[in-house]
Amino acid sequence: MSKPVVYGADYSVYVRIVRLVLEEKGIDYELVPVDVFAADGIPGWYFDHHPFGRIPAFEHDGFRLFESSAIARYVDEAFDGPALLPADARPRATMNQIIGMLDAYAYRAMVWDVAVERLEKEPPDESLIAGGLGQAATVLRVLTSLKAAGPWLLGDQLMLADLHAAPIIGYFLKVAEGRKLLAEFPDIRDWWDRIVQRPSFARTEKAG
Ligand SMILES: N[C@@H](CCC(=O)N[C@@H](CS)C(=O)NCC(=O)O)C(=O)O
């Protein structure tokens, strides 16, 4: 079988989720650069991989996928390596709920409304940041209440939920407001201190 291919950029939160899954499974893969924010636009050929022009897209032996959660589950099920989906129905459902919550409520608020707005806009829209921080507080409170006992979100084993949450929270922590808010949620802060120590996390760090 050929090496799986990930299309995307190392700055992307969602590309990093997929790369973390591949790294944790111990799978060699190729990262084909696609910059969706390039000044000259998204290359035309890429829409054959992702009709909505988002990153990542994925290909394995001619099998193409987009949507990070679908890619992550495929990688977990199609390859050897540690299982990243809980076997039992309830922890699996909780995990799916966490991932759904991150996609629906955390990504836009934590990454765009707070971090990107603070880091890249001049002047930043303070009301957008304040609203994003409010939503981020809800996300962190709910994550705290859903987190199982043990080092990882679902308990003793690292799962897809951990790998989905880490890049989003990591982006949020680029700004002081994010770091200050996380300090109010010690269980999630301790989880964060653990996950940054994974070799997969260092290997998927944005270059430069
Ligand atoms: N639902 C998609 C989201 C992917 C996504 O939004 N990726 C961002 C980069 S982190 C992107 O491509 N943004 C380009 C844009 O918004 O135009 C997934 O799960 O893969």
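Biologist: What separates the centres of domain 1 and domain 2, taken over C-alpha atoms?

Modeller: The separation is 21 Å. Domain 1 covers 5-78 and domain 2 covers 89-203, with bounds from an automatic or database domain assignment. This is a predicted model, in which local features need pLDDT of at least 70 and side-chain atom pairs count only at pLDDT 80 or more, while totals for chains, interfaces and linings use all residues. Residues are numbered from 1 along each chain as its sequence is written, and side-chain values use heavy atoms, with hydrogens and water left out.

Biologist: What area is buried between domain 1 and domain 2?

Modeller: About 1,600 Å², with 61% of it from carbon and sulfur atoms. Buried area here is the accessible area (1.4 Å probe) that two parts lose on being put together, summed over both. The contact (heavy atoms within 4.5 Å) takes 15 residues from domain 1 and 18 residues from domain 2.

Biologist: Why is Ile55 called buried?

Modeller: Buried means under 20% relative accessible area, exposed over 50%, and partly exposed in between (1.4 Å probe, protein chains only). Ile55 has 10% relative accessibility, so it counts as buried. Leaving aside neighbours within four places in sequence, the contacts of Ile55 include Tyr7, Tyr11, Val34, Val36 and Tyr46.

Biologist: What makes the peptide bond from Ile55 to Pro56 stand out?

Modeller: That bond is cis, with omega near 10°. Pro56 sits in the loop between strand 2 (30-33) and strand 3 (57-60). Strands (E, at least two residues) and helices (H or I, at least four) are DSSP runs, numbered from the N terminus. Glu122 and Pro123 are also joined by a cis peptide bond, with omega about 0°, and Pro123 lies in the loop between helix 3 and helix 4. Most peptide bonds are trans, and most residues other than glycine have a negative phi.

Biologist: What is the phi of Asp61, and of Glu67?

Modeller: Phi is near 50° at Asp61, a positive value in a residue other than glycine. Glu67, not a glycine either, has a positive phi of about 85°.

Biologist: Why do Asp61 and Glu67 count as partly exposed?

Modeller: Asp61 has 43% relative accessibility, so it counts as partly exposed. Glu67, at 48%, therefore counts as partly exposed too.

Biologist: How do you know that the buried residues of helix 4 line one face of the helix?

Modeller: The buried residues of helix 4 are Ile129, Gly132, Leu133, Ala136, Val139, Leu140 and Leu143. Seen down the helix axis, they fall within an arc of 125°, so they line one face. The arc is that of the directions from the helix axis to the C-beta atoms. An α-helix has 3.6 residues a turn, so residues three or four places apart point the same way. Ser127, Arg141 and Ser145 are exposed on the face of helix 4 turned away from its buried side.
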